[in-house]
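Colleague: I have a structure open and would like to go through it with you. Can we take it step by step?

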Amino acid sequence: MATWFRRTRAVSHHLRRNDKCPSSSSSPRAILDLQGASAPVMQPPMSVRIRRATDGISPARLPIFSAKRFESTRAEKHLQLLQEAEAVEDDLDDDNDDDDDAQVLDFPGGKVAFTSKMQFISESSEKRVPCYRVLDDYGQPIEYDCSAQVNEELAVKMYTDMVTLQIMDAIFYEAQRQGRISFYLTSMGEEAINIASAAALTDDDVVLPQYREHGVLLWRGFTLQEFANQCFGNKVDYGKGRQMPIHYGSNKHNYFTVSSPIATQLPQAVGAAYSLKMDKRSACVAAYFGDGGTSEGDFHAGLNFAAVMEAPVIFICRNNGWAISTHIREQFRSDGIVVRGQAYGIRSIRVDGNDALAVYSAVREAREMAIKDQKPILIEVLTYRVGHHSTSDDSTKYRPMDEIEYWKMSRNPVNRFRKWVERNMWWDDKREAELRNNIRTQVLQAIQTAEKYEKPPLSELFRDVYETPPSNLHEQESQLRETIKRHPKDYPLDVPV
Ligand SMILES: Cc1ncc(C[n+]2csc(CCOP(=O)(O)OP(=O)(O)O)c2C)c(N)n1
């Protein structure tokens, strides 16, 4: 290492420490290979990495600026910078060295250590943030017996609801293919995120969904008939047929209605959480969104707003690798979503979204912290969207079949949870067959019933926004009625005019 650089005690202390550091080459036991998210790579030892472009060159031949201590304009690893800041703090505590570098800037938010070393924070951290899991791929607990947290009753309900979600999705999807409903979107591959996160919340917690979280509503008691009524847009649908299928909502279940524009729910969630705070309620808000949602300004506004206002909201990001055909590599270059939490001053964790017990325990803990500390929490759940984005999509056009198969078979969250439940002797093949037959019958019945209901009357299209509808709405209504009279064949016959 070149010796002509003047160093502060702190920096040399830090370098000495790092020289002794083992290299980060020890590979983790298993690496989650989320598409596009390359596994932690082997790094050379620290002593090699801190070499400068000038190392080995005679000082006499160095350009003049090097003597002015502009020793490294290369970006440093975040961890390295933090260690260095710590070392500076240690030095400040230790002695009354009057070196410039041992001074601090007393700045709003806390003291900032000075350094004479010009260094940029690296664009990527050395190691990717690890992914918390409880069960291994074979449904075997990794460290401890989790049955204390999730007892038989809870586990069986979680498993039953995951299977119900799977069956409901499969049949509703087919119903769209048969032309009975106009649109559908499944949560295939994300059943654990849906059900396990819902199980960790209480009914008082307010949910603001994106759209792939209908399992949360299922968990809260929304019936298969209610789901079918919404998808068929019949007269008992709470939205009175004015929304596309899958735009569920329920006041009774504290579940805000799905709204299509991505990420708009996030600043709204913070507002809802702030109102819980003002009312001193022992509840929080759970706001769900996909990786694609994080490219919207509302994501950033929402997180910052929550951090500054200290709102009890849990942001649950389903990072499933794809936003329709846009891969996460085209969406962001950060280590996923979890690292954004710290940037906004929000406690964060990355969780294996295909491990129901990990999702359950992380959301439960997050809920406790959000309410006790009155602060937001960010959870990034790594998973994969096994189904097409929706019935309007064919995902085989932009992603390989074997990738889909891998996640569908080898990383299936429902199969994994079933293995754990069976291992505890809480489930068996007989119960499995009964459950699947029973749910299948119930879903088919719900569809048949929903289909028989009339559609809501045309007049409903113009209600419920204004207490007294303004004149322009009256005009639009009469124009529509006139048009239907003139072109009756262009309008559905089952809508009472
Ligand atoms: C503001 C806005 N832009 C674009 C769209 C079109 N759109 C609908 S879903 C979607 C992808 C969202 O992906 P992601 O958030 O990752 O959720 P996922 O579907 O993967 O669960 C897009 C771009 C939209 N609905 N709203």
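This is a predicted model: local features need pLDDT of at least 70, side-chain atom pairs count only at pLDDT 80 or more; totals for chains, interfaces and linings use all residues.

Colleague: How many helices and strands does the protein have?

Modeller: The protein has 17 helices and eleven strands. Helices (H or I, at least four residues) and strands (E, at least two) are DSSP runs, numbered from the N terminus.

Colleague: And what share of the residues is buried?

Modeller: Of the 497 residues, 35% count as buried. Buried is 20 or more other C-beta atoms within 10 Å of a residue's own, exposed is 12 or fewer, and partly exposed is in between, with C-beta atoms placed from the backbone.

Colleague: Now the ligand. Which residues are closest?

Modeller: The closest are I262, G290, G292, G293 and A323, out of 17 residues that surround the ligand. A residue is near a molecule if its C-beta atom, placed from the backbone, lies within 6 Å of it.

Colleague: Change of topic: at what angle do α5 and α15 cross?

Modeller: Helix α5 (residues 152–177) and helix α15 (residues 413–423) cross at roughly 150°, and their axes come within 10 Å. That makes α5 roughly antiparallel to α15. Axes are lines fitted to C-alpha atoms, for helices over the stretch in contact, and angles run from 0 to 180 degrees between N-to-C directions. Angles under 35 degrees count as roughly parallel, over 145 as roughly antiparallel, 65 to 115 as roughly perpendicular and the rest as oblique.

Colleague: Which residues meet there?

Modeller: From α5, A155, V156, Y159, M162, V163 and Q166 meet V414, F417, R418 and V421 of α15. This contact has eight nonpolar, one polar and one charged residues. Two residues are in contact if their C-beta atoms, placed from the backbone, lie within 7 Å.

Colleague: What about α5 and α16, at what angle do they pack?

Modeller: α5 and helix α16 (residues 429–452) pack at about 45°, with their axes 9 Å apart. That makes α5 oblique to α16. The residues of this contact divide into ten nonpolar, two polar and two charged.

Colleague: On to single residues. Is A263 buried or exposed?

Modeller: A263 counts as buried because it has 23 C-beta neighbours inside 10 Å. A263 is in the loop between α8 and α9, and its phi is near 75°, a positive value in a residue other than glycine.

Colleague: Where is K240, then?

Modeller: K240 is found in the loop between α8 (224–232) and α9 (265–278). K240 is not a glycine, yet has a positive phi of about 55°. With 17 C-beta neighbours inside 10 Å, K240 counts as partly exposed.

Colleague: Last one: which helix holds V308?

Modeller: V308 is in helix α10 (residues 297–309). V308 counts as exposed, because it has 12 C-beta neighbours inside 10 Å. V308 and Y344 are 36 residues apart in sequence, and their C-alpha atoms are 8.7 Å apart in space.

Terms used
Residues are numbered from 1 along each chain as its sequence is written. Ala, Val, Leu, Ile, Met, Phe, Trp, Tyr, Cys and Pro count as nonpolar, Asp, Glu, Lys and Arg as charged, and the others, Gly among them, as polar.
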